[in-house]
Amino acid sequence: MTSIAAVHAVLAPHRHTQREITDMVARTCLPGGTDRGVLDRLHRRAQVNTRHMTLPLARYPELDDFGAVNDAFIDGAVRLGTDAVAAALKAAGLSPRDVDLLMFTSVTGIATPSVDARIAGRLGMRPDVKRLPVFGLGCVAGAAGIARLHDYLLGRPDEVAVLVSVELCSLTFQRADASTANLVATALFGDGAAAVVACGARRTAGNAATVGRGAPASGGTAQDSGEAAAGPHVVATRSRLYPDTERVMGWDITATGFRVVLDAGVPDLVRKNLAGDVDAFLTDHGLRRADITAWVCHPGGPKVLEAVAESLDLPAGALDLTRRSLARVGNLSSASVLHVLRDTLAERRPPAGTPGLLLAMGPGFCSELVLLRW
């Protein structure tokens with residue numbers, strides 16, 4: 001089985017309270033004279049207390065050119081991604097030259113050469129390192145990325161694969177756009193990154209599987225990751241794509257950049273589909289929901305988390321780490337579930353040998369399930 005050797009999470013450098021961000025959004029996104037009552041209510045109900053942002057707040061009203069915004073994305077993504085990968089490899093006792101596959105995922109900017117190529121060059125990875133940049137999976141990509149590392153390592157059990165996710169969501173906030181979708185996005189999303197080091201069944205990391213800790217080399221802000229903890233094995237994965245849901249979540253690409261598509265029906269889709277998908281997946285592996293000792297869930301937002309908890313009939317406290325992550329840093333798109341995985345390893349290590357389930361949902365509309373064994 002694939003082993004998760006290390007997880008390291010970093011955050012963008014500028015930390016602000018929700019109120020500070022709400023005031024910036026009012027100045028930036030609401031046309032002059034617009035009542036900000038709806039904005040204030042949406043931001044209060046998001047259950048987000050603080051978030052990290054790539055740029056100083058004063059810079060956001062100036063971002064009226066997609067090229068300039070994307071340049072800021074490339075600069076920030078390379079810095080945060082490099083920090084996350086370097087720290088995760090160090091925690092695993094591996095060097096950049098040990099990496100056989102580097103997968104990069106983001107849905108908040110574009111780059112050619114891709115961000116993974118720039119990270120590989122800065123860290124001195126081997127010239128023959130295989131790279132896989134992935135765009136478009138959105139919030140589901142943290143879970144899907146681990147699943148695809150597992151797929152790769154099943155065929156190459158002697159190798160090391162790294163997933164790095166960087167999401168700079170604040171750069172996608174649309175100026176002078178008072179639509180509900182844009183205001184909800186400005187209420188929920190923050191900026192951060194995470195890296196996961198995975199080893200094939202015949203490959204051993206330099207150290208026991210650990211959670212990255214300590215300050216990154218430059219630019220980012222690392223969260224305290226707690227004591228080293230044994231990482232889980234990936235047992236199996238399952239992908240689900242739901243038909244006729246293309247306009248539920250995603251982007252419209254416009255002259256000013258990425259304009260969010262976000263349908264209010266997402267919680268209903270969760271209630272309709274998630275329990276059946278989870279039960280079928282677990283049954284195929286001789287398990288029930290009651291057997292799961294850790295639910296590592298992407299923090300989509302308060303209503304989505306309520307739908308997850310209700311549809312799966314989860315015990316009280318099962319999503320506490322997810323809810324706490326949402327409150328502390330907001331929704332980091334694909335990086336969020338990796339932050340929750342890091343917190344689970346550092347603070348709530350399940351009993352050895354027990355199963356866990358990592359899950360996320362995203363554009364498509366789709367879900368990704370990853371069965372773990374601690």
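These exercises, each with a worked solution, explore a predicted model.

**Exercise 1. Where is C139, and is it buried or exposed?**

Start with the record. An unreviewed UniProt entry annotates C139 as "active site". Such annotations may be inferred rather than shown by experiment.

Next, find the position in the chain. C139 sits in the loop that runs between β5 (130-135) and α5 (141-155).

Then check accessibility. The cut-off for buried is under 20% relative accessible area. C139 has 8%, so C139 is buried.

Finally, list the surroundings. Leaving out residues up to four places away in sequence, C139 touches F189, H298, N331, S333, S334, A360, M361, G362 and P363.

**Exercise 2. How are α5 and α10 oriented to each other, and which residues meet?**

First, locate the partner helix. Helix α10 spans residues 336-347.

Second, look at the axes. Those of α5 and α10 come within 7 Å and cross at roughly 70 degrees.

Third, classify the angle. The range 65 to 115 degrees counts as roughly perpendicular. So α5 and α10 are roughly perpendicular to each other.

Fourth, name the residues. From α5 come G142, A143 and I146; from α10 come V337, L338 and L341. Sorted by type, the residues of this contact are five nonpolar, one polar and no charged.

**Exercise 3. What surrounds D343, and is D343 buried or exposed?**

D343 belongs to helix α10.

Apply the accessibility value. D343 has 6% relative accessibility, so D343 counts as buried.

Then read off the contacts. Neighbours within four places in sequence are set aside; D343 is in contact with L321, R324 and R348.

**Exercise 4. Which residues does each cis peptide bond join?**

Step one is the bond between T112 and P113. The bond is cis, with omega about 5 degrees. P113 lies in the loop between β4 (101-106) and α4 (115-123).

Step two is the bond between G364 and F365. The bond is cis here too, and omega is about -10 degrees. F365 is in the loop between β14 (355-362) and β15 (366-373).

**Exercise 5. Where do D244 and D313 lie, and are they buried or exposed?**

Begin with D244. Its phi is near 60 degrees, a positive value in a residue other than glycine. D244 lies in the loop between β10 (233-241) and β11 (249-254). Exposed means over 50% relative accessible area. D244 reaches 73%, so D244 is exposed.

Phi of D313 is positive, about 50 degrees, although D313 is not a glycine. The loop between α8 (302-312) and α9 (320-329) holds D313. D313 counts as exposed because its relative accessibility is 64%.

Conventions: Residues numbered from 1 in each chain as written. Predicted model: local features only at pLDDT ≥ 70, side-chain atom pairs only at ≥ 80, totals over all residues. Heavy atoms only, no water. Helix = DSSP H or I, 4+ residues; strand = E, 2+ residues; numbered from the N terminus. Buried < 20%, exposed > 50% of the residue type's maximum accessible area, 1.4 Å probe, protein only. Contact = heavy atoms within 4.5 Å. Axes fitted to C-alpha atoms, helices over the stretch in contact; angles between N-to-C directions. Parallel < 35°, antiparallel > 145°, perpendicular 65-115°, else oblique. Nonpolar A, V, L, I, M, F, W, Y, C, P; charged D, E, K, R; others polar.
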